[in-house]
Amino acid sequence: MKIVVPVMPRSLEEAQNIDVTKYDLADIIEWRADFLPKSDVLTVAPAIFEKFLGREVLFTLRTTREGGNIELTDEEYVGLIKEVNAIYQPDYIDFEYFSHMDIFKEMLDFSNLVLSYHNFEETPGNIMEAFSELTALSPRVVKIAVMPKTHQDVLDLMNFTRGFKTLNPEQSYAVMAMGKLGRITRVAGELMGSCWSYASLDEQSAPGQIPLAQLPKILEVLDAD
C-alpha cells in the first residue's frame with residue numbers, strides 16, 4: 001500500500017519554502033491546490049513540480065462541494081485541470097466525478113484519473129452504487145472517502161471494498177472511512193483491497209489521517225511475518 005501525503009501551501013512563498021526532506025517516507029505527494037485562490041494555482045504550480053521533481057504527484061482541486069476549500073464552476077474546474085496536466089503531466093489527477101458529471105466527457109482521454117467521491121457527513125446507504133458507477137468507468141484509481149457513524153459503517157465499507165476488488169482485480173481502489181472511528185481503514189489496505197493510505201505531516205487534510213512519522217511503522221508491523 002502506497003502512502004499519500006498532502007502538501008497544502010497557501011501562497012507561492014509557502015510553496016517555495018517546502019522542506020522536501022520531510023516527505024521522504026511518502027510514496028505519492030498530493031498537491032492540494034484548493035488551499036490557494038484560483039488565480040494563484042498556475043502561478044504556484046512551477047514551484048510545486050520543481051520541488052517534487054522525480055516524485056509521483058497527485059494533483060487535487062478539492063472543491064467545497066466535497067469538503068475542500070475552493071469554489072469553481074465546472075468550466076473553471078476542468079480548465080485548471082487541463083492546464084496543469086498539459087504543462088506538468090502529474091502522475092495522477094483527482095476528479096470529483098459526482099460533483100462534475102456534466103463535464104466528465106471532457107476527461108475521457110485522460111489516463112491518469114483518480115475518480116473520487118467524498119462525503120464528510122455520513123456513509124450513505126447507497127455507497128455500493130458509487131462503487132459500481134466509478135468502477136464501470138475504469139479510471140486509474142477509484143477513490144472513496146466517507147464519514148462513518150457506527151462500527152458497522154466501517155465494517156461495511158471494508159467489506160464492499162474487498163468485494164469490488166475481488167470482482168475487479170485489475171482496478172485500483174483507494175478507500176477510507178474518515179475520523180477516529182474509521183482509522184483502521186487507513187492501515188487495513190491489504191486486507192480490504194485498498195492501494196493507498198493518506199497520511200498527514202504538519203496538518204491533516206481529512207479527519208483521521210495518521211501522521212507520516214507513524215504510518216510506515218504501523219504498516220511494517222502489520223506486514224511482518
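Predicted model: local features only at pLDDT ≥ 70, side-chain atom pairs only at ≥ 80, totals over all residues.
How many bridges join strand S1 to strand S8, and in which direction do the two strands run? There are 3 bridges, and the strands run parallel. S1 covers residues 2-7, and S8 covers residues 196-200.

Now the whole sheet. It is open, and it has 9 strands. The order is S7-S6-S5-S4-S3-S2-S1-S8-S9, with parallel pairing. Which strands sit at the edges? They are S7, residues 172-177, and S9, residues 210-211. Each of them pairs on one side only.

Next, the helices. H4 spans residues 127-136 and packs on the sheet. This helix touches S5, S6 and S7, and its direction makes about 160° with that of S6. H5, residues 151-167, lies across S6 and S7. The angle between H5 and S7 is about 175°.

How do H4 and H5 meet? Their axes come within 11 Å and cross at roughly 30°. An angle under 35 degrees counts as roughly parallel, so H4 is roughly parallel to H5. The crossing is right-handed. From H4, the contact uses Ile 127, Met 128, Phe 131, Ser 132 and Thr 135. From H5 come Leu 157, Phe 160, Thr 161 and Phe 164. By class, that is 6 nonpolar residues, 3 polar and no charged ones.

Last stop: Pro 46. This residue lies in H2, residues 41-51. Is Pro 46 buried, partly exposed or exposed? Its relative accessibility is 36%, so it counts as partly exposed. Between Pro 46 and Val 187, the C-alpha to C-alpha distance is 33 Å, and they are 141 residues apart in sequence.

Methods: Residues numbered from 1 in each chain as written. Heavy atoms only, no water. Pairing = 2+ DSSP bridges. Helix = DSSP H or I, 4+ residues; strand = E, 2+ residues; numbered from the N terminus. Contact = heavy atoms within 4.5 Å. Axes fitted to C-alpha atoms, helices over the stretch in contact; angles between N-to-C directions. Buried < 20%, exposed > 50% of the residue type's maximum accessible area, 1.4 Å probe, protein only. Parallel < 35°, antiparallel > 145°, perpendicular 65-115°, else oblique. Left-handed = near helix turned anticlockwise from the far one by under 90°. Nonpolar A, V, L, I, M, F, W, Y, C, P; charged D, E, K, R; others polar.
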